[in-house]
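Subject: Structure for your review

Hello,

Please find below the sequence and structure you will need for your own reading. My notes follow them.

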Amino acid sequence: MPVHLENEATLVADARAGDAEAFTTLVHQYDRNIYRLALNITSNPEDAEDVLQETFLKAYAHIGDFHGDSRFYTWLVRIAVNEALMKLRKRRADKTVSVDALVESDGDLMAQEIADWGDTPEQRYAKVELQEILNRAIERLEPPLRTVFVLRELEDISTEETAEVLNLSIPLAYNPATIPAGEATLL
């Protein structure tokens with residue numbers, strides 16, 4: 001969960017008034033979070049970069065449409081989720097495979113393996129294996145379910161904010177005990 005700036009409301013107001021420096025400050029505050037969200041939804045570094053750029057371009061172009069009904073970050077997440085899902089729809093239609101994506105995926109795995117020098121080779125292997133299993137499980141989820149999972153579990157966004165971002169309602173009588181055995185829920 002990103003740390004929110006104390007003066008975020010002022011920065012948003014200044015950005016709405018045309019202050020590019022205020023918008024740049026907001027971008028720097030949330031760019032890593034938006035990239036990580038996009039990467040978790042698209043599972044592709046190039047697509048995540050595209051989503052990041054499109055998110056901030058759209059946010060800049062439509063900052064006047066942000067009325068402060070939600071946090072600025074929630075508004076950005078809504079834009080990023082829409083862009084990421086649009087990227088997935090386009091990718092489904094385009095069956096080409098980027099050679100660069102495969103190279104970067106290998107590079108990402110290497111970075112994950114050497115990030116924790118204190119682990120033994122067996123511990124590192126177990127972590128990588130578990131991460132691969134989790135990534136495959138997440139990738140098998142339909143995009144709407146994957147998006148809910150990523151927002152709730154990986155981005156640690158509240159149920160209410162997730163519902164707001166995705167324009168979903170939260171059942172009033174939500175009670176895990178009422179879910180039939182064998183059925184799972186994401187909220």
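This is a predicted model: local features need pLDDT of at least 70, side-chain atom pairs count only at pLDDT 80 or more; totals for chains, interfaces and linings use all residues.

Residues are numbered from 1 along each chain as its sequence is written, and side-chain values use heavy atoms, with hydrogens and water left out.

Core

The largest nonpolar core has 34 residues. A nonpolar core here is a set of buried Ala, Val, Leu, Ile, Met, Phe, Trp, Tyr and Cys residues joined through side-chain atoms within 4.5 Å. Buried means under 20% relative accessible area, exposed over 50%, and partly exposed in between, with a 1.4 Å probe and protein chains only. Ile 34, Phe 72 and Val 77 have the most contacts inside this core. Two or more residues each come from helix 1, helix 2, helix 3, helix 4 and helix 7 (143-154), and helix 4 gives the most, with eleven residues. Helices are DSSP runs (H or I, at least four residues), numbered from the N terminus.

Not counting residues up to four places away in sequence, Val 77 touches Ile 34, Leu 37, Leu 151, Ile 157 and Val 165. Contact means heavy atoms within 4.5 Å.

Helix 1

Helix 1 (residues 8-16) has Glu 8, Leu 11, Val 12 and Ala 15 buried. Seen down the helix axis, these buried residues fall within an arc of 100 degrees, so they line one face of helix 1; the arc is that of the directions from the axis to the C-beta atoms. Gly 18 follows helix 1 and has a positive phi, near 105 degrees.

Leaving aside neighbours within four places in sequence, Glu 8 is in contact with Leu 26, Tyr 30 and Phe 72.

Ile 41

Ile 41 is in helix 2 and is buried at 1% relative accessibility. Ile 41 and Thr 147 are 106 residues apart in sequence, but their C-alpha atoms are 6.2 Å apart in space. Beyond neighbours within four places in sequence, the contacts of Ile 41 include Val 81, Leu 88, Arg 146, Thr 147 and Val 150.

Aromatic pairs

Rings of Phe, Tyr and Trp (its six-membered ring) pair if their centres lie within 6.5 Å; planes under 30 degrees apart count as stacked, over 60 as edge-to-face and the rest as tilted. By this rule there are seven aromatic pairs. One of them, Phe 23 with Phe 56, is edge-to-face, at 6.5 Å centre to centre and 80 degrees between the planes. This pair links distant parts of the chain, with Phe 23 in helix 2 (residues 20-42) and Phe 56 in helix 3 (residues 45-61), 33 residues apart. Phe 23 is buried at 7% relative accessible area, and Phe 56 is buried at 9%.

The rings of Phe 72 and Trp 75 have centres 5.7 Å apart and planes at 40 degrees, so this pair is tilted. Phe 72 and Trp 75 lie three residues apart in helix 4 (residues 72-93), about one helical turn. Phe 72 is buried at 1% and Trp 75 at 11%. Ring pairs also join Tyr 30, Phe 66, Phe 72, Tyr 73 and Trp 75 into a cluster.

Regards
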